[in-house]
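Hi everyone, thanks for coming. Please have a look at the model on the screen, and then I'll walk you through a few parts of it.

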Amino acid sequence: MAKRNKTNVIGLVIFFAIIVALTSFGGLISFIADYKWFEELGYTETFLTKLRTQFSVGIPVFVVLYIIFNYYMTYLKKKYYKELAIQHDQKTEKRISLGVRLSSAVIAFFFSTSMSEIMWFEILKFFNGILFNVSDPLFNNDVGFYVFKLPFIISALTFFMTMLFIFMVITAVFNTVVLAAKTTAKIHSGEKVIDLEGYGHRPKSLNDLIDKKTITNIVNQIALFGLAFLVSLGVRFWLMTFDLLYTSRGKVYGAGYTDIFVTLNVYRILAVLAIVGGVIFYIGAKKKNIIMALSFPALLIAISIIGGIAGGLVQSIIVEPDEISKELKYIEYNIAYTQKAYGLDTVKEIDYPINYNLTSKDLENNMDIIQNIRINDYRPLNQVYNQIQGIRPYYVFNDVDIDRYTINNQYTQVFLSARELDQNRIDAQAQNWINQILKYTHGYGFVLSPVNTVTTEGQPVMLVRDIPPVTQTDLKITRPEIYFGEKTNNYVVLNTDEEEFDYSSGTSNVMTFYEGEAGIKLSPFNRLIFSIKERSLKMLISNNINSDSRIVLNRNIIERVKKIAPFLYFGEDPYLIVNQEDGKLYWIIEGFSITNKYPYSQPYEGTNTFNYVRNSVKAVVDVYNGTTDFYLIDEEDALAVTYRNIFPDLFKSLEDMPQGIREHLRYAQDYFDIQADIYRTYHMANPQVFFGKEDLWIISLEKYMDKVQTVESNFLMFRLPEEEKVEFLLSVPYSPVGKNNMTAMLVARNDGDNYGELVLYRFSKNENIPGTNMIESRIDQDSEISPQITLWSQEGSNVLRGNLLIIPIENSLLYVEPIYLQSNNENSLPEMKRVIVAYGDRIVMETTLEASLNKIFGTGFSGYDPGEDGIQLEDRTIKELINEANDLFQKSQEALKNGEWTLYGQYIEQLSIILEKLETLQ
């Protein structure tokens, strides 16, 4: 019998070992793969920080919980034996003791792993958090206490109370079993008691059967647990006082009059009463005085109800009839702390009086602005890029970004888009493992267009185009291959015996081998690990993979940065840049630090609800090597600096960023849009004005494409007041609620040392400054423009209206809107056909921006001819133009020879422009 029991035990152990191995095998493979990937990127310490913290917390907690559970359950076991007079032989007792230890270990393991998994980051923030150097107005604690310290304290208290509840459940179950067992034993014994009325013996009643000693033990244990629970509850009530900083009951977010004078005091009273009540409960339970024991818990419930009723009465009877005076101070808190939380407390306001005396001479003096007025739009442009420059079905331009470059010594605003390879677009019959993993591994090059120039057909002029990249500019491009991007969603294996497809050249393909640093070498062990992880037997057995082959993982740049730094929030619109120092391509992804624990700050409802945000991190990904760097650009952000303290190997300082990348940093559009939305209300610094929402703004409206929408924030180039140089700026206009005039314009600076500064143009309230929607209405009502738009629509074309741009020049405002036409044909492209310009009381529509400006300001404005390929023809000699014409002719013949008809047409179009220019110069 003993031998069979031993066999059963061994079999049970083996069974559980197999189950554990099977359930943890996948996790082990993922852990090894992730470790090797982080090691490839140089972020081993970042990867191990979580694991090290979880072990540092989990192991001590496990040991403590195991000791406590084992001791308590052993105590209950012995008590059970004593109460029921049970005795076991030595072997049986060993098995029971082993069961107790195993049960204790399982419970301790479950709770310690849960705690370390949930709380590891809170613990790190608790010990590494720094001060915000801003104190809340109610308790005078630094904001860092609420962001870094308080969450951990609350979580630790919740964990303690959970453990307390578990012990209470175990105790209740144990005592129920003991009481039931002893009662059952007495019933089966058939004992009788003397009938006190003299009628002899009678059976025992239920009251006689219940064991009084057991009841006493239960009461003693309840007394102890009740004391601990009520004291913990008192601490929780005290911590709840801090929650008032985030209440939304009053006029504004944060503690108001009722919260301060009623709810705060109720919480403090409850905290004291809960702690005192714990002691009274313990004493009452020991004395078996139920009334005494339950008096304070009942009092807590009563005060909670009374406090809630009192708060409602005070709010409705005292506060609401005199709300402005009662809430004034708290409105001031809300305004001040919301502005700080969203980085709006340093907005520089400029009064911008508008005059209407702009002349053609003024325009010529501001040619650096005129030359960069955007007459193209990124959405129709994306369609054009994909159709004209897609070249092959599997190439795709995911979106179009806007940036600025110095091109041929001119500071120029441009559109830029990466030509990525989307494996989903490969022909279905060619979608096999070799093609998708080994051969079609990367996209190639990009397209770059100036924002202010179109061809005679209304299509964008492409300063960089084709495969390999072709340009007549001085832009430096050394590595056009794109291995990491927005559409690179699959892993690939590089440096195999199978050549990679590089690009098409006529009727043949140019092949290549990877020369970069990305990827994990597929040693026999790594090959086995990643074959299991990717569930690919082909990877394991393929003869194309050799000892130098590398697997490249997580190539989608958004997923890549999120995997490395999941505690940050990243924008979904990365942008491509060309570093003119090394000619390589990089992605820049905006990283944000957010929290919802900033006192008195109004929450922003988005994908995540938060009331503090900073764009403190710029993630930069090398499109060829996959090198991923995180630059901390805001040393004043306590949240981001705390993250750097936790992960010191992850973040680099802004000074470490190469200058060729740094000069392309943009003010994050997502961040700006959040700030602009908050500022609609929180520009009102006067609490009385704020209370009545007397100066509430909306972001202006425009008619975009074929619908009315809120004006998007736009990157523009103009000159700020008191500044000498034109700047790359991000702006959005405001209108008063219910009005179409423009009251202000918020602007973010992007260039040099001025990066991150916010400027507000304030327009006079004493005159009617046209807003975007007012200009749109004037366009619809204009006797020349409106009929023309209607006629185009009736002729089978879709009339698409681009963004209406507002350009400040010399204390005047120019309004510019491009008009696109697109036929109803399935493959037709939108073409920029007209440019509308509004100034003062005049509004015109002509074929070019220059023509529209000339019509308003007279022929004295000579304008700017950027040429078909975006180069200023006036500054070119006849010899230079002839040389370029010859070059274009040779390229057109080569394209014709290779059957590249689209490219041939573009070269001929450019050649005709130069020939026309030569004719005018002779």
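The largest nonpolar core holds 231 residues, where a nonpolar core is a set of buried Ala, Val, Leu, Ile, Met, Phe, Trp, Tyr and Cys residues joined through side-chain atoms within 4.5 Å. Buried means under 20% relative accessible area, with a 1.4 Å probe and protein chains only. Leu-448, Phe-630, Phe-718 and Leu-814 have the most contacts inside this core. Helix 7, residues 257-286, gives the most to it, with eleven residues; helices here are DSSP runs of H or I with at least four residues, strands are runs of E with at least two, and both are numbered from the N terminus. There is also a second, separate core of 20 residues, and Phe-69 and Tyr-72 are among them.

A quick word on the source: this is a predicted model, where local features need pLDDT of at least 70, side-chain atom pairs count only at pLDDT 80 or more, and totals for chains, interfaces and linings use all residues. Residues are numbered from 1 along each chain as its sequence is written, and side-chain values use heavy atoms, leaving out hydrogens and water.

Now, which residues are buried in helix 21? Across residues 772-781, they are Thr-772, Asn-773, Ile-775, Glu-776 and Ile-779. Seen down the helix axis, these buried residues fall within an arc of 160 degrees, so they line one face of helix 21. That arc is taken from the directions from the axis to the C-beta atoms.

Last, an open sheet of three strands runs in the order 12-16-15, with antiparallel pairing; strands pair if DSSP finds at least two bridges between them. Strand 12 (492-494) and strand 15 (520-521) are the edges, each pairing on one side only. Strand 15 pairs with strand 16, residues 550-552, over two bridges, and Lys-521 has Arg-550 as its bridge partner in strand 16.

Definitions and conventions
Buried < 20%, exposed > 50% of the residue type's maximum accessible area, 1.4 Å probe, protein only.
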